[in-house]
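Reader: I have a model open and want to learn how to read it. Can we go feature by feature?

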Amino acid sequence: DLSGRTQGSWTPQHLWFVLYLLGYSALALPVFQYLRGPSGKRLVQGLATFFAGRGTILLLALPLALASAVPIGGSENPLVYLVWFVYGYLLMSDPCFQAALDRHTLTAFLSAILFTVFIFAVGQKVGPAWSPLWTLWGVVYNFSRWFWVVGVLGLGHRFLNTNSAVLRYANEAVYPFY
């Protein structure tokens with residue numbers, strides 16, 4: 001209901017994502033519990049070893065592209081955001097993932113820029129659903145999103161993984177805005 005926003009009273013609409021996070025947490029909790037166990041830790045180690053290979057961390061864009069192809073929720077596809085949520089847990093579960101992100105920072109940024117230029121050059125999705133150009137646009141779009149994330153996480157790890165007066169101030173100063 002938008003009436004809270006238009007009438008000046010409090011509305012939780014700016015916190016819509018909290019309900020989504022609760023749902024994703026409930027759905028992913030059994031998976032996360034498994035990954036914390038002995039066989040799950042071996043699986044995470046195996047995945048971390050695989051994704052430590054050259055270029056393989058960039059392949060994590062494929063599940064995002066596949067999830068976005070599922071026609072639910074339009075541009076707010078909850079399956080895509082569930083994949084992002086699980087990725088967040090997985091990437092922080094083994095230091096090898098961070099090392100892979102660090103190694104691919106430049107490649108990811110350059111690819112993200114190239115793919116973003118393509119997206120802006122072509123414009124919104126064109127053609128009928130599942131046509132070759134429509135499919136290519138969707139794949140490039142999702143790869144671009146993943147490449148930006150890899151690049152930003154790599155740069156953040158490189159430049160924000162220190163303790164400085166500026167970062168301490170910024171960490172405290174952000175709370176009133178949020």
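Reader: How much of the chain counts as buried?

Author: Keep in mind that this is a predicted model. Of its 178 residues, 29% count as buried. The cut-off for buried is under 20% relative accessible area.

Reader: Which elements does the chain have?

Author: Nine helices and zero strands. Read from the N terminus, the order is α-α-α-α-α-α-α-α-α.

Reader: What share of the contacts joins residues 24 or more positions apart?

Author: Count contacts with a separation of 6 or more. Residues 24 or more positions apart account for 64% of them.

Reader: Show me one residue. Is Ala 48 buried or exposed?

Author: Ala 48 sits in helix α3, residues 38-51. Its relative accessibility is 1%, so Ala 48 counts as buried.

Reader: What does Ala 48 contact beyond its neighbours within four places in sequence?

Author: Asp 94, Cys 96 and Phe 97. Ala 48 and Leu 91 are 43 residues apart in sequence, yet their C-alpha atoms are 8.5 Å apart in space.

Reader: Now helix pairs. At what angle do α4 and α5 cross?

Author: Roughly 155°. Helix α4 spans residues 61-69, helix α5 residues 78-91, and their axes come within 8 Å. Angles over 145 degrees count as roughly antiparallel, so α4 and α5 are roughly antiparallel to each other. Their crossing is right-handed.

Reader: Which residues make that contact?

Author: From α4, Pro 63, Leu 64, Ala 67 and Ser 68. From α5, Leu 79, Val 80, Val 83, Trp 84 and Tyr 87. By class, eight are nonpolar, one is polar and none is charged.

Reader: And how do α6 and α8 pack?

Author: Helix α6 covers residues 95-103 and helix α8 residues 132-159. Their axes are 8 Å apart, at an angle of about 100°. The range for roughly perpendicular is 65 to 115 degrees, so α6 and α8 are roughly perpendicular to each other.

Reader: Which residues of α6 and α8 make the contact?

Author: Gln 98, Leu 101 and Asp 102 of α6 meet Val 150, Leu 153, Gly 154 and His 157 of α8. This contact has three nonpolar, three polar and one charged residues.

Notes
Residues are numbered from 1 along each chain as its sequence is written. This is a predicted model: local features need pLDDT of at least 70, side-chain atom pairs count only at pLDDT 80 or more; totals for chains, interfaces and linings use all residues. Side-chain values use heavy atoms; hydrogens and water are left out. Axes are lines fitted to C-alpha atoms, for helices over the stretch in contact, and angles run from 0 to 180 degrees between N-to-C directions. Helices (H or I, at least four residues) and strands (E, at least two) are DSSP runs, numbered from the N terminus. Angles under 35 degrees count as roughly parallel, over 145 as roughly antiparallel, 65 to 115 as roughly perpendicular and the rest as oblique. A crossing is left-handed if the near helix is turned anticlockwise from the far one by less than a right angle, and right-handed if clockwise. Contact means heavy atoms within 4.5 Å. Ala, Val, Leu, Ile, Met, Phe, Trp, Tyr, Cys and Pro count as nonpolar, Asp, Glu, Lys and Arg as charged, and the others, Gly among them, as polar. Buried means under 20% relative accessible area, exposed over 50%, partly exposed in between (1.4 Å probe, protein chains only).
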